[in-house]
Amino acid sequence: MKAKAFEAFQSLPMPTRKNENWRFANISSLSLDEYDFTRSEKPTDLQELIEKSDIISQPSGQIIFADNHPVSMEPINDDLKAKGVIWEPLSEALQNHSEILKKYFMSQDPHLGSEKFAALHSSFVSDGYLLYVPKGITIERPFIANHWALSEKTALFPHTLVIAEESSNVTLIDTFNAKSESQKNFICAFNHIFAAANATVTYRSLQNWGTKTLGIHINSIITEKDATVNSLSVNLGCQHLRSENQSVLKGEGSHIEMLSLSVADNDQEIDQRTLQLHQSPHTTSNLLYKNALLKKSKTIFSGLIKVAKEAQKTDAYQTNRNLLLSEEAEANALPGLEIKADDVKCSHGATTGNMDKDQLFYMLARGIKPHKARELLVFGFFEEIILKLSDNELADYMRELIQTKLQSK
Amino acid sequence: MITEPQAINIDQDKGNFQMPEKHAFDAGVGINEGVLDYISDVKNEEQWIRDFRKNALRTFYNKPLPTHWASKDLETINFDKIRYYLASGQTPKRSWDDVPDDIKETFDRLGIPENERKFLAGVEAQFDSEAAYSNIKEAVGKQGVIFMGSTEALMKHPEIFRKWFGKVIPTGDNKFSALNSAAFSGGSFIYIPPGVKVSHPLQAYFRINAENFGQFERTLIIADEGSEVTYMEGCTAPKFDTATLHSAVVELVALKGAKIEYITVQNWSANVFNLVTKRAIAHEEATVKWIDCNIGSRLTMKYPGVILKGRKARGEVLSIALANDGQHQDTGAKMIHAADETTSNIIAKSISVGSGRSTYRGMVHMPKHLKGCKNNTECDALLINSSSRTDTYPSITVRGNKNSVQHEASVSKVSAEQIFYMQQRGLTEGEAMSLSVNGFVNDLTRQFPMEYSVELKRLIDMEMEGSVG
């Protein structure tokens, strides 16, 4: 399978800007010549890394990856194990649960332009994890996976596979970090979530790779009847981030929420493409992407709501807000709609602008220093999304990360 | 309570008649340098125009069809089957009496001379390739306004028109602007001298009468400093078995402080490919307003644009599209901000009926060295039947923190409650539907000149009559 995937990778053309899915994107930085694709030795001396991965108290399970290797594992308790919950690195799951992997692994085709990178991922993926929640099981505490890039120029292929069976309920967190701030890596990460009928999956991801990294993150969600998936991602790292988020509302009455907040600075490029594909009636989706742009950074938001002919009574929203904080930043917004059903409520909105002068004035008038006032306003801008987190630990961790990035300017 | 609305017939009866073809000049089918020479010979054109055409033809050959983003329907156009030039004589007649009877009959049925007698300052009616009739009321002529066909204008007033001809929309802008630059014929060239305010709208009427015919009219309007002008165009064609191509290029130049309002009511028959490039340059404190109504055609691709080149320039696009069975209205707007404090406004409303599809594509561009630029975009879509389709593909690029844009779009259907409410008060279902649709576009049509908003309202009334029941 890997050999076949590599062949596919080689035969597929590199993306060009002529392709609508790559419009405005910086194609030249997609060169992979400099990166190391060989599998490194299992790293040692991981104490610091494990300490830094301690974000959530009492997770239901935790896996720490370093340079593609699972290096630390907090297994699930016996109770969950007895109920049939599976929480394993892919390398183990391949031995123990090959029938599940055969059915689900890379079975959601990319719709947003990254066929070539999907093939690359399939041919090089060496580890990742599988979370399988059987029918009717509700798991209170979140699962967490921490993906670390340790050595310079290594290529990483994180893989997340979540299968939530009927009427189950689970929360999952992925964090992506580099050991040193200005590290250069190539990341090609895939995340696939399957929510069966009436299941609820809550997914959080925090991406903070090194500042010289080329990151490709492909997220894909499928919901069956009456299932709900809430996803939220924070994007801080990478020199060039390509993030694709596709949501397929396959079953009637299902709901997907997609939230994202990004801070771009220096000459960073954050390129986000989204798809809300409504295939069945009474489906709802809500998307809110917020970007703050500093210095010479550039963001691209290209969103598409597609409503199939059958998907009557669809309710779909898509909003992109860009806050330009420097004279040289560039925000591109391509919010799109393709509607084939007539009884729907769909809308999208995109705004790009500077801070509200009145708000700033109000704070200055009350003796708040200009830099502090600006920081508060940016925080206020993001708080709309952070407040949606029910987990306070995680919310504080996100706030801290965002603050660090804002202050480092 | 509400029966499923049926697909409806568009009102093309008014334009759906055909006069016997009788052309003194016919360039045959297909396009090549020989055809261009033929056109140039008939028109007795100068060498530079001949060269311009031939360069454009090479560009046309080299450009691919934009099918990587646009409708694949474009591939069904057979450029070798199209007739590129037909005319019964190249000199526009000055008096209505000199116009041949059969052509007069065509225009009589379309109501043109009547309009002229009533209030229009000048009428240019284009029948296939050449302007059959062209006149400006004496008063406007005395003010120094020039209003004539493309070739005539380029030959008689090169000092005015050559400077801007092909400058707002370069030949290589897209495949169809190149085709137009190669085969252009007819259209209106207008020059408004400084400070002149043309009190009545100038009007042109385009009509395709021959099967397999391509109409490539070329319009260039130059409004000199502080002048004001309103231009209206309407288009129809009888229905033929094979598709017909209309590919116009319209260039507007609004010099300092000038105002141009350009109104289009497009009602081509449902087998016409309407692929039009329209763009304006607005200099300092100038205002350009495009009012664009697309009712007819098989596929319309038209994105009127304004390049806001001077400080405080303003661009506006008001667009209404109605896509009926088998039609695709692919319309939108482009706003290129190139100076400080420029503002733009786009309001697009579309209605999809039956299996009709309407698409909005927009582009708003603000580079980083600018400040105080503002854009507002609103696009609303109304879907009447369950087989109707609507798409929205805006593209917004903003650099720097001194500008602001906002974009909003929504999709809705006529609510059952509204219809029920009106039926309770004695309206028929058709009347109620028509009232709803008129209400949907009302805030736009209010901004149109009166006779156009009335005509549009009637047109919608007629369309909606058949849509329910």
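A: We begin with strand pairing. Two strands pair if DSSP finds at least two bridges between them. Keep in mind that this is a predicted model.

Q: Which residue is the bridge partner of Ala155(A) in β9(A)?

A: The partner is Phe186(A). Ala155(A) is one end of a bridge into β9(A). Strand β6 (residues 155-156) of chain A is joined to β9(A) by 2 bridges, and the two run parallel.

Q: How many bridges join strand β7 (residues 159-164) of chain A to β9(A)?

A: There are 6 bridges, again in the parallel sense. Within β9(A), Phe194(A) stands opposite Ile163(A).

Q: In which sense do β9(A) and strand β11 (residues 214-223) of chain A pair?

A: They pair in the parallel sense, over 10 bridges. Ile193(A) faces Ile221(A) in β11(A).

Q: Is strand β9 (residues 186-195) of chain A enclosed or open?

A: Burial is judged by counting neighbours. A residue is buried if 20 or more other C-beta atoms lie within 10 Å of its own. In β9(A), 9 of the 10 residues are buried, so the strand is largely enclosed by the rest of the structure.

Q: Now helices. At what angle do the axes of α7 (residues 357-365) and α8 (residues 370-386) of chain A cross?

A: The angle is roughly 135°, and the axes come within 10 Å. That makes α7(A) oblique to α8(A). Their crossing is right-handed.

Q: Which residues meet where α7(A) and α8(A) touch?

A: From α7(A) come Gln359(A), Leu360(A), Met363(A) and Leu364(A). They meet Pro370(A), Ala373(A), Leu376(A) and Leu377(A) in α8(A). By class, the residues of this contact are 7 nonpolar, 1 polar and no charged.

Q: Let us turn to chain B. How many helices and strands are in chain B?

A: Chain B has 11 helices and 24 strands. Of its 469 residues, 55% are buried. Sequence separation is the next thing to read. Among contacts in chain B with a separation of 6 or more, 83% are between residues 24 or more positions apart.

Q: Why does Val168(B) count as buried?

A: Because it has 20 C-beta neighbours inside 10 Å, Val168(B) counts as buried. The residue is in the loop between α7 (158-161) and α8 (175-183) of chain B.

Q: Leaving aside neighbours within four places in sequence, which residues is Val168(B) in contact with?

A: Val168(B) is in contact with Glu251(B), Val253(B), Arg279(B), Ala280(B) and Ile281(B). Glu378(B) gives another reference point. It is 210 residues from Val168(B) along the chain, and the two C-alpha atoms are separated by 26 Å.

Q: Last, the interface. How many residues of chain B are in contact with chain A?

A: 32 residues of chain B are in contact with 33 residues of chain A. On chain B's side, β23 (389-399) and β24 (404-413) each supply at least two residues. The largest share, 11 residues, comes from β23(B). By class, the side of chain B that touches chain A has 10 nonpolar, 15 polar and 7 charged residues.

How values were computed: Residues numbered from 1 in each chain as written. Chains lettered and ligands numbered in written order. Predicted model: local features only at pLDDT ≥ 70, side-chain atom pairs only at ≥ 80, totals over all residues. Contact = placed C-beta atoms within 7 Å. Helix = DSSP H or I, 4+ residues; strand = E, 2+ residues; numbered from the N terminus. Nonpolar A, V, L, I, M, F, W, Y, C, P; charged D, E, K, R; others polar. Axes fitted to C-alpha atoms, helices over the stretch in contact; angles between N-to-C directions. Parallel < 35°, antiparallel > 145°, perpendicular 65-115°, else oblique. Left-handed = near helix turned anticlockwise from the far one by under 90°. Buried ≥ 20, exposed ≤ 12 C-beta atoms within 10 Å, placed from the backbone.
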